[in-house]
Amino acid sequence: MKDISALIAKAAGDASLAKRTWVTLTEAVPGGWGIGGHAHTNKKIVQTARKLLGKD
């Protein structure tokens, strides 16, 4: 995600945007997305987000 934020900042011509740009995954097909070296499904992403928000 850090790389994507950097690309957005570069395209905008404002390096400071890299620190303020958030990237949100909206879909992750099984085995198609790697986060920290592990492929997560939409279900797992939602479960993790709910846990972090205290809504599990």
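Set aside the neighbours within four places in sequence, and Thr21 is in contact with Ser5 and Ile8. Contact here means heavy atoms within 4.5 Å. The C-alpha atoms of Thr21 and Ser5 are 5.7 Å apart, although 16 residues separate them along the chain.

This is a predicted model: local features need pLDDT of at least 70, side-chain atom pairs count only at pLDDT 80 or more, and totals for chains, interfaces and linings use all residues. Residues are numbered from 1 along each chain as its sequence is written, and side-chain values use heavy atoms, with hydrogens and water left out.

Start with the overall layout. The chain holds two helices and two strands. Their order along the sequence is α-β-β-α. These elements are DSSP runs, numbered from the N terminus: helices are H or I with at least four residues, strands are E with at least two.

pLDDT is the predictor's confidence in each residue, on a scale from 0 to 100. Its chain average is 77, and 70% of the residues score at least 70. Helix α1 has the highest mean, at 84, while β1 has the lowest, at 62.

Now the surface. Of the 56 residues, 9% count as buried. Buried means under 20% relative accessible area, exposed means over 50%, and partly exposed lies in between (1.4 Å probe, protein chains only). The chain's accessible surface comes to about 4800 Å², and carbon and sulfur atoms account for 59% of that. Areas come from the Shrake-Rupley method with a 1.4 Å probe; for residues, only the protein chains shown count as cover.

Back to Thr21. This residue sits in the loop between α1 (2–12) and β1 (34–35). Thr21 counts as buried because its relative accessibility is 18%. Its side chain reaches the backbone oxygen of Leu17 at 2.6 Å.

Across from Thr21 is its contact partner Ser5. Ser5 belongs to helix α1. Its relative accessible area is 6%, so Ser5 is buried. Beyond four places in sequence, Ser5 is in contact with Ala18, Thr21 and Val23.

Ser16 is found in the loop between α1 and β1. Is Ser16 buried or partly exposed? Ser16 counts as partly exposed, because its relative accessibility is 35%. The side chains of Ser16 and Arg20 are joined by a polar contact of 3.0 Å. A polar contact is a pair of N or O atoms within 3.5 Å; within protein, one must be able to donate a hydrogen and the other to accept it, and residues adjacent in sequence count only if both atoms are side-chain atoms. Ser16 and Ala6 lie ten residues apart along the chain, with 9.3 Å between their C-alpha atoms.
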